[in-house]
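Colleague: I'm new to this one. Can you put it up and walk me through a few spots?

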Amino acid sequence: MTTATTETLEFQSETKKLLDIVIHSLYTEKDIFLRELISNAADALEKMRHLKLQEQEVFDREAPLTINITVAEKEHTLTILDTGVGMTREELIKNLGTIAHSGSKTFLSGLDQGAGKEVNIIGQFGVGFYAAFMVAKRVRVQSRSYQPGDPGHEWSSDGAGSYTVAPCPGLHRGTKLILELTEAAKDYANQETIKRIVKQYSSFVPFPIKLAGETVNTVQALWAKSPAEIKDEEYTDFYKFVANAYDEPLLRLHFSADAPLAIHALLFVPKENFERLGFGRLEPGVNLYCQKVLIASHSDKILPEWLRFLRGVIDAEDLPLNISRQALQDNSLVAKINKVVASRFLKFLEEQAKNRPEAYLEFWKAFGFYLKEGATTDFTHREALARLLRFESSASEPGALVSLADYAGRMQEGQTEIYYINGQSRLAIESGPYLDAFKKRGIEVIYTLEPIDDFVFSHLSEFEGQKLVSADRADLKLPEDKEAAAEEAANRLEAPVASSLAKWMKEVLGERVKEVGESKRLVDSPAIIVNPDGFMTASMERVMRASSPEGMKDFGPKNLEINTGHQLIKDLAELRVKDEPLARLIVEQICDNALMQAGLMTEPRLMVERNYQIMARAARR
Ligand code: ADP
Ligand code: MG
């Protein structure tokens, strides 16, 4: 190489601007320079692979397609060698001296939008080849094209306005990047550092990346292969790799799509739900790749929040590699991926529920909560989520679960609503007053045993055209058997007595209840608390109370309904005349008992005292 043949050229003015920003910005994510350079090497290798297939005449045909990285700690250099297509002299000038290529262009257009915020923006973008100047005071690019007859050249620059190009004989095919690292970046001449970065960003690059003779990227990008070619153990190994897990996944979904988007996805449901086990909120666990290069790890944008328990990879071919984190947020493509993949996963769950019900139940027990969370927060997938919900019901064996579709399939003729009732346990519900009316009519009721359940139902509001109705509503309308109703009426207190009793009870209870009325729904229980406000159920009220800062917020009094066919209520009507003080105590006790059964009793102290008074009276007889 003689100076006579060394030519000095100026960078294009746009390039200068870019270089200036790259070099002078305090850029926290410097590591990504390596991702950019490895991606370029991989691109060049991919082009080479195609050319070889086309039977073209190619220089150094037998050279294996690899990327070789070497570090020289003392000299502070990092070298990246690929056996890709290489570059001719003209290509070196065009590709590295001007900004005509995708990555850096995106970067510059990003700059225009965020004028004055350079430092911020540079942290969010990859800047392609020029990223090398974030860590190097000089970059030398020795390259020889695959085209027979290319003598090979060295391109060299300190990134300060100009570069040189000179012949460089004796090269093999491909490109060798020699980075003379700055003092501040000398850690990139450390093997362990490089290994860590390669593993983080470039694990799935489809060509071997060798560091000191050892291949660093040993895990294959399984997602891009056809499922038929993949063994179960390979899936499990891959899962362990992406999820940092030690066990096997509970479920996996591997699919590819061309339309509306070119995506590959490989998603896993873990065995354990660590969030539920009390380990704190799960971080999203799906990584976003573009053609096997990592764009965002644990991205919270590519899937809805309620799918944060999933682990795995989504590879979207059409996503620009240099997309910023900011842009990920506003990117309509990302929003589409989000919707498409979430829908596909829900469809997969439905298939599991149908074809492998046991596996689905296992999933539901560990992760059903997330689907409920989705049902309360995500309008887009509401209907698919509703089909996946499972609950106990009055028609199920204890511990067994039914779906809303099961329920709908069993609805009685003329029944147009789906009923549910909350309670702390199955036993509490079944011994409480709310089931009376349904049992009598043989109507199924879904048991909502978890605090979130009533929010789910209230949010869904209907299932395939059937309204979802809480059984504690005051305005419940159930089909009436005329004969049976007439028979019951005969057994009740006479209307004037009943209404006078109710009126008096309201006087006794004062502000504690909104109304006291005669119930048509009760069979075995003397009284029931019902909700005059159709929106908030007792269970929801409990949650709201627990989460309101004052601890207890007043959600307004409820209605008390009395069963005027019940012996206690009948006796009460007489006791009121004979021994009013005792009758008053009993009225209050009835109200408290009903509140307890509704789960709304907050201050049991008075009740216990009163209870003793009543017992004392009973014992004295
Ligand atoms: P992009 O990769 O988005 O095109 P870069 O700034 O990363 O932008 O690279 C600019 C161009 O330089 C590439 O498009 C490619 O033509 C060329 N190039 C960079 N590195 C190599 C390489 N290792 N081998 C062959 N060509 C390369
Ligand atoms: Mg690039």
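Modeller: One term first. A polar contact is a pair of N or O atoms within 3.5 Å; within protein, one must be able to donate a hydrogen and the other to accept it, and residues adjacent in sequence count only if both atoms are side-chain atoms. Also, this is a predicted model, where local features need pLDDT of at least 70, side-chain atom pairs count only at pLDDT 80 or more, and totals for chains, interfaces and linings use all residues. Residues are numbered from 1 along each chain as its sequence is written, chains are lettered from A and ligands numbered from 1 in the order in which they are written, and side-chain values use heavy atoms, with hydrogens and water left out.

Colleague: Which side chain does Asp232 make a polar contact with?

Modeller: That of Arg252, at 3.2 Å. Asp232 belongs to helix H7, residues 232-243. Helices (H or I, at least four residues) and strands (E, at least two) are DSSP runs, numbered from the N terminus.

Colleague: On to Asn338. Where is it found?

Modeller: In helix H9, residues 332-355. Asn338 counts as buried, with 15% relative accessibility.

Colleague: What lies 2.9 Å from a polar atom of its side chain?

Modeller: The backbone oxygen of Lys301. Leaving aside neighbours within four places in sequence, Asn338 is in contact (heavy atoms within 4.5 Å) with Lys301, Ile302, Leu303 and Pro304.

Colleague: New topic, helix H3. Which of its residues are buried?

Modeller: Leu92, Ile93, Leu96 and Gly97, in a helix that covers residues 89-97. Down the H3 axis, these buried residues fall within an arc of 100°, so they line one face. The arc is that of the directions from the helix axis to the C-beta atoms.

Colleague: Why would residues three or four places apart point the same way?

Modeller: An α-helix has 3.6 residues a turn, so that follows.

Colleague: And what do the buried residues of H3 pack against?

Modeller: Strand S1 (7-10), helix H1 (13-24), and strands S4 (136-144), S5 (153-157) and S6 (162-167). Turned away from that buried side are the exposed residues Glu90 and Lys94.

Colleague: Last one. What is the phi of His298?

Modeller: Positive, about 45°, although His298 is not a glycine. His298 sits in the loop between strand S13 (293-296) and strand S14 (311-316). Its relative accessible area is 44%, which makes His298 partly exposed.

Notes: Buried < 20%, exposed > 50% of the residue type's maximum accessible area, 1.4 Å probe, protein only.
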